[in-house]
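Thanks, everyone. I will go through a few local features of one model, and I will give the cut-offs as they come up.

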Amino acid sequence: MKSHRTPPRFEPRRTGNAFIIATMLLSLCILSLIKARYCSVPNAKSQALAELEPTEASGMVTPKAGEAALPEDEEDEGSSITSQKIKIVAEKAAIDLSKPICSETSKRSNVCEAVGDIRLQGSSHTILLHPSLTDREWKTKPYCRKHDPPAMRNIKEWTMKPFPIGEPPPRCTVNHTVPALVFSIGGFTGNLFHDFTDVIVPLFISSYQFRGEVQFVVADIKPWWVSKFIVILKQLSDYDIIDANNEEDREAVRCFPRVIVGLSFHKELGVDPSKTPTGYSIVDFKAMLRKAYGLERPTAAPSGDPWDIRRKPRMLIISRKKTRAFLNERGMTDMAMSLGFDVRVAEPDATTDLAKFARLVNSADVMIGVHGAGLTNMVFLPEGAVLIQVVPMGGLDWLARDTFGQPSPDMQLKYMDYRIQADESTLSDEYPADHPVLKDPYSIHKQGWNALSKTYLDNQNVRPHLGRLRNALMDALKHLPHGRKEA
């Protein structure tokens, strides 16, 4: 019996598919002819409009090369560009031109930046910009305490503005090939804490990316300050500092390819790596300091040398004489020595040789001091060292935490605090036990910073209980990488 095959049912579909393919090929041919006729060469006006589109570089509007007049004799054949579109693009360019030259980088800092034809006149605190960069004036004070009127009172204001209209820009008397970084060392500098948190750390944040290829232009200069920190400044810039206030040629016009006015602030004695151009951090800052001052100890761990392993852990007491002084410093020293510490006592001040003091701090495994600018020397401690902040009585935990407590972990330090009780403070000798200064410190806080500072910072000395302090030092020993688990 013969089998009967059912005719294939997809034959009609083959015919339909062939028709579709033929139609598509024909369409492609037609489109190719249209493209060859109308789209083979980009229209010159299209190119000009593309060049009018603004581009961004380092947070500013770059000069636009296409601002020359459009060709007048170009034919409009095949072009969809109309005078209306040209107007729209021009308006867009004008809007982008108004992008800020200056912006807030934190609650503490404003930074202004421009790239292009920059002309700086230090004597008048003026920076002239090509009109393609801005169409208005910008004013700023380049110091990282804009929230603090007393600090900003003596900071001179800088003006950034376009070249004068209808006259040629001032002639360059000096040409520079590296960016200018303009900042002030007025304000509260002279206090080590403010030296570092207001200027040196923000300067590192703003300049480390250039690897020395940046020109510092310093305003409100203090020659003694520059001398004190010159080894740090030389680590960050390969060029001699320009004193904006005392240019030899008062008419000097310095031309730069880029200018940054103001320093970026992240946090007290700290660097936020997520906000730096290449992710550098406070650890890199400390490495820079070690290089600047020739510090030998990157870490508190013993080197492995048998003689070094047998070295006693060193404790440095930061001494104070005027306010917040230790009244039993000798007893503290003897007690710490009984625990096995090699104890050094030092009192840094404005005249201290910072290089020598940095080496002393770097030799310490534990540093202890009452809250104050001297604790800023923590930046020289080796990794793994212990910082003990003695917090005066008066509800000052927040102040101690913000200034030295929070920066410590990022610096790879172990932080401890020792909180002074009423019977360890000279305030208990001055006020009766039920006085608000002792019983209700926050009522003093409510009177403002001046009242708080005068009462608890300027008018208090301390006498830590040696028994309590001994327990704190024993805890510190346990945190050191010396393998010491007990005294």
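Buried, in what follows, means under 20% relative accessible area, exposed over 50%, and partly exposed in between, with a 1.4 Å probe and protein chains only. This is a predicted model, so local features need pLDDT of at least 70 and side-chain atom pairs count only at pLDDT 80 or more, while totals for chains, interfaces and linings use all residues. Residues are numbered from 1 along each chain as its sequence is written, and side-chain values use heavy atoms, with hydrogens and water left out. Helices (H or I, at least four residues) and strands (E, at least two) are DSSP runs, numbered from the N terminus.

I start with strand E15, residues 366–370. 5 of its 5 residues are buried, so E15 is largely enclosed by the rest of the structure. In a regular strand the side chains alternate between the two faces of the sheet. Here Val366, Ile368 and Val370 point one way, Met367 and Gly369 the other, and all are buried.

Next, the neighbours. Two strands pair if DSSP finds at least two bridges between them. Strand E13, residues 314–318, runs parallel to E15 and is joined to it by 4 bridges. Leu316 has Met367 as its bridge partner in E15. E15 also pairs with strand E16, residues 386–391, in the parallel sense, over 5 bridges. Met367 partners Leu387 in E16, and Gly369 stands opposite Gln389.

How many residues of E16 are buried? The count is 6 of 6. One side carries Val386, Ile388 and Val390, and the other Leu387, Gln389 and Val391. E16 in turn pairs with strand E17, residues 414–419, in the parallel sense over 6 bridges, and Leu387 faces Tyr415 there.

Now a single residue. Asp220 sits in the loop between strand E10 (215–219) and helix H6 (223–228). Is Asp220 buried or exposed? Its relative accessible area is 9%, so Asp220 is buried. Its side chain makes a polar contact with the side chain of Ser184 at 2.6 Å; such a contact is a pair of N or O atoms within 3.5 Å, where within protein one must be able to donate a hydrogen and the other to accept it, and residues adjacent in sequence count only if both atoms are side-chain atoms. The Asp220 side chain also reaches the backbone nitrogen of Lys156 at 3.5 Å. Beyond four places in sequence, Asp220 is in contact (heavy atoms within 4.5 Å) with residues including Asn154, Ile185 and Asn245.
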